[in-house]
Amino acid sequence: MSNLMMNGLLQSRHPMIAFRRFRGKINIQRPRQPHYERARVLEIVKPFYKKPEFNAPCLEAQRTIEHKKTDNPYEVIIAREARNWFEQSRLVAFLHINSFRQEDMFKMQVALHRHNVTVKVYGKSIIHKAVLGTKFEAILPLFAAKTALVFGSDERKITQLLSVLKKTPQVVLLAGIVEGRFLSRNEFVAYAGMPDLTTVRAQLAAVLQGAGGKLVGDLQCHQRQLVQLLETYTRSDENRPPSAGSASDKETS
């Protein structure tokens, strides 16, 4: 009985709904005119466009060029900062950055920061504003691709810089600036193998002192030889035995 009530009387039936379009298909070629109220609303909200001028493309191109000439204040500030780095750093290196993880990039920056070396990455437009009209203008071709800059206050950090770059093969050394002089990659590496300025000065002082000592020795050489010859002659004269004639002369006297 309970099954009969559950299956027959208490079971709900969901009606099936089927949507049908009124009056058949829509005529696309000659559509039906909307209702008057709807036509009024459509006429109000209908967009209208200004008729383009005859020389509109030329005017748009001119406006684009003028917009590009306008300096971005933020880029001007960053370009001024980059110029200060170039002018105050005694060591500048240019690194080509290949595709690698930002984590590896951070490790390289930390390793260089331990040697008081800073890594900066600027865009091409900022570098162009920073070095245009200065003595560093020759570096612009190096920024055709993504390039990082390394700034250091001591040129003796080149050895540490090269040792860090050997551990990071994703970064390639392009060139460098040492004490205001632009160097190629080979010259930059050769400069790293040179001794420091204090050692070179000591070597130069030793060479100059040796040359001066040799000159003094050459000037006194003949005098020493003459003195030695006179001393030898005097000693040989003193050691010579007296002759017989001289002895008889002494007895007579």
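Trainee: What makes E1 and E3 a pair of strands in this predicted model?

Mentor: Two strands count as paired if at least two bridges are found between them, and six bridges join E1 to strand E3 (residues 147-152), with the two running antiparallel.

Trainee: Why is strand E1 called largely enclosed by the rest of the structure?

Mentor: A residue is buried when its relative accessible area is under 20%, and six of the seven residues of E1 (residues 91-97) are buried, which is why the strand is described as largely enclosed by the rest of the structure. For the protein, by comparison, buried residues make up 19% of its 253 residues.

Trainee: What makes a group of residues here a nonpolar core, and which members of the largest one touch the most others?

Mentor: Such a core is a set of buried residues of the nonpolar kinds, from Ala to Cys, joined through side-chain atoms within 4.5 Å. The largest has 23 residues, of which Leu-112, Val-150 and Phe-188 touch the most other members. Two or more residues come from each of E1, helix H5 (102-113), strand E2 (117-121), E3, helix H7 (158-166), E4 and helix H8 (185-192), and the largest share, five residues, is given by H7. Apart from this core lies another, of 18 residues, including Ala-82, Val-92, Phe-143 and Ile-177.

Trainee: How do you know which residues Phe-188 is in contact with, leaving aside its neighbours within four places in sequence?

Mentor: The test is heavy atoms within 4.5 Å, and the residues in contact with Phe-188 on that basis include Leu-91, Val-92, Ala-93, Leu-161, Leu-173 and Gly-176.

Trainee: What makes up the lining of the largest pocket, and how do its residues divide into nonpolar, polar and charged?

Mentor: Lining residues have an atom within 4 Å of a pocket point, and 14 residues line this pocket, those closest to its centre being Glu-155, Tyr-191, Pro-195, Asp-196 and Leu-197. The lining divides into seven nonpolar, two polar and five charged residues. Its largest share, three residues, comes from H9, and the pocket has a volume of about 350 Å³.

Methods:
Residues numbered from 1 in each chain as written. Predicted model: local features only at pLDDT ≥ 70, side-chain atom pairs only at ≥ 80, totals over all residues. Heavy atoms only, no water. Buried < 20%, exposed > 50% of the residue type's maximum accessible area, 1.4 Å probe, protein only. Helix = DSSP H or I, 4+ residues; strand = E, 2+ residues; numbered from the N terminus. 1 Å grid on protein atoms, 1.4 Å probe; cavity = no way out; pocket = protein on both sides within 12 Å on 5 of 7 lines; lining within 4 Å. Points joined across faces, edges and corners; volume = space filled by probe spheres on them. Nonpolar A, V, L, I, M, F, W, Y, C, P; charged D, E, K, R; others polar.
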